[in-house]
Every structure is written in structure tokens, then in C-alpha cells.
Amino acid sequence: ELIQEQYDIAHKNQGKQWSELTDEERKNWYITVANNEVLYDDLTNRAMKRGVAIGVIDAFTGMTVGAVNKQINKKMATSKYSKFTKPARIGGTAVVETGMGMGSELAGQVAGEQDINAYEILVEGLQKQLLLIKLLNIL
């Protein structure tokens, strides 16, 4: 995405967008970026910022899921609702993973100086749900 946005910005006045390029033109742009120190540094700096933002939030998400599940176990397992402990843990995990996943994608886009793409943010949230559903079917 970063390299696509970089192309669109560089060619804005020419009226040509990444989506209109042939495979050969895209390959040539990759070569241009790799051989141009300014473009390459811009791309790698933005990619690093994006990756750090996502990584920090995803690490925090892992800790948060653990804390949420611990509290659910603590409160529910000893209550009259103990039979709902496992579904509550699954629900708690789903809420945290979805919200934080969407948040990390948004933070990555902002840190990487990208245009905010709501579609990508929603896909990130849905992706977490699909993974959780797949894991539940395996268990």
C-alpha cells in the first residue's frame, strides 16, 4: 500500500494512478524506488513507523486478552453463571481482538502517513473474527 500511495503522489499531476498501471509499469516503479535514495528512504521510514505502531498495539492486545480472561475466570467461575465462563472468555477475546486489531490498523495508517482507509480497518476487524471462528471449530 505504501508504494502504491507513493506512486500516486509522485504522478498526481500526470493523472495516472497505480490501479491503471500494467505489470511492467509497476515493476519499473519498484526498480525506480529501489534505485532512488530519497524515495527508498521515504518508503522504508514510513513502513518502519507503520510496523512499530501496529506491533506495539498488538503486543498490548495480547496482554489485554490475558487480563480480560483472568478477570472473567475470577468473577464467573465461582458464580452461579460458571457454566458460561468459556463462552464469556470467547466473547471477551473476540471484543478485545477485534477492537484492538482495528485500532492497530488505524494507528499504522496514521503513523505511516497514509490516507485513512476504512475498508482496510474493517477488514482487519473481520479477519480477527474469522480467525477466532476457525480456531473454535478446530478446538
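The legends below accompany an overall view and several close-up views of a predicted model.

Local features are described for this predicted model where pLDDT is at least 70, and side-chain atom pairs count only at pLDDT 80 or more, while totals for chains, interfaces and linings use all residues. Residues are numbered from 1 along each chain as its sequence is written, and side-chain values use heavy atoms, with hydrogens and water left out.

**View 1. Overall form of the helical protein.** The protein has 5 helices and 0 strands, and its elements run α-α-α-α-α from the N terminus on; helices (H or I, at least four residues) and strands (E, at least two) are DSSP runs, numbered from the N terminus. Its radius of gyration is 21 Å, whereas a compact globule of 139 residues would have a value near 14 Å; the radius is taken over C-alpha atoms, and the globule rule is 2.2 Å times the number of residues to the power 0.38. Along the principal axes, the C-alpha atoms fill a box of roughly 65 × 25 × 25 Å.

View 2. Of the 139 residues, 28% are buried, where buried means under 20% relative accessible area, exposed over 50%, and partly exposed in between (1.4 Å probe, protein chains only). The mean positions of the 16 positive and 17 negative charges lie 19 Å apart; Lys and Arg count as positive and Asp and Glu as negative, without His and the chain ends, and each charge is placed at NZ of Lys, CZ of Arg, CG of Asp or CD of Glu.

**View 3. Salt bridge between Arg-46 and Glu-5.** The structure holds 5 salt bridges, each defined as a side-chain nitrogen of Lys or Arg within 4 Å of a carboxyl oxygen of Asp or Glu. In one of them, the side chains of Arg-46 and Glu-5 meet at 3.4 Å, N to O. Arg-46 lies in helix α3 (residues 37–76) and Glu-5 in helix α1 (residues 2–10), so the pair ties together parts that are 41 residues apart in sequence. Arg-46 is buried at 6% relative accessibility, and Glu-5 is also buried, with a relative accessible area of 17%.

View 4. The side chains of Asp-42 and Arg-46 form a salt bridge at 3.6 Å, N to O. The two residues are 4 apart in helix α3 and are therefore separated by about one helical turn. Asp-42 is partly exposed, with a relative accessible area of 31%. Through shared partners, salt bridges join Glu-5, Asp-42 and Arg-46 into one network.

**View 5. Salt bridge between Glu-25 and Lys-16.** The side chains of Glu-25 and Lys-16 meet in a salt bridge of 2.7 Å, N to O. Glu-25 counts as partly exposed at 29% relative accessibility, and Lys-16 is partly exposed with a relative accessible area of 28%.

**View 6. Surroundings of Thr-61.** Thr-61 is found in helix α3 and counts as buried at 3% relative accessibility. Not counting residues up to four places away in sequence, Thr-61 touches Val-96, Glu-97 and Met-100, where contact means heavy atoms within 4.5 Å. Among contacts in the protein between residues at least 6 apart in sequence, 55% join residues at least 24 apart.
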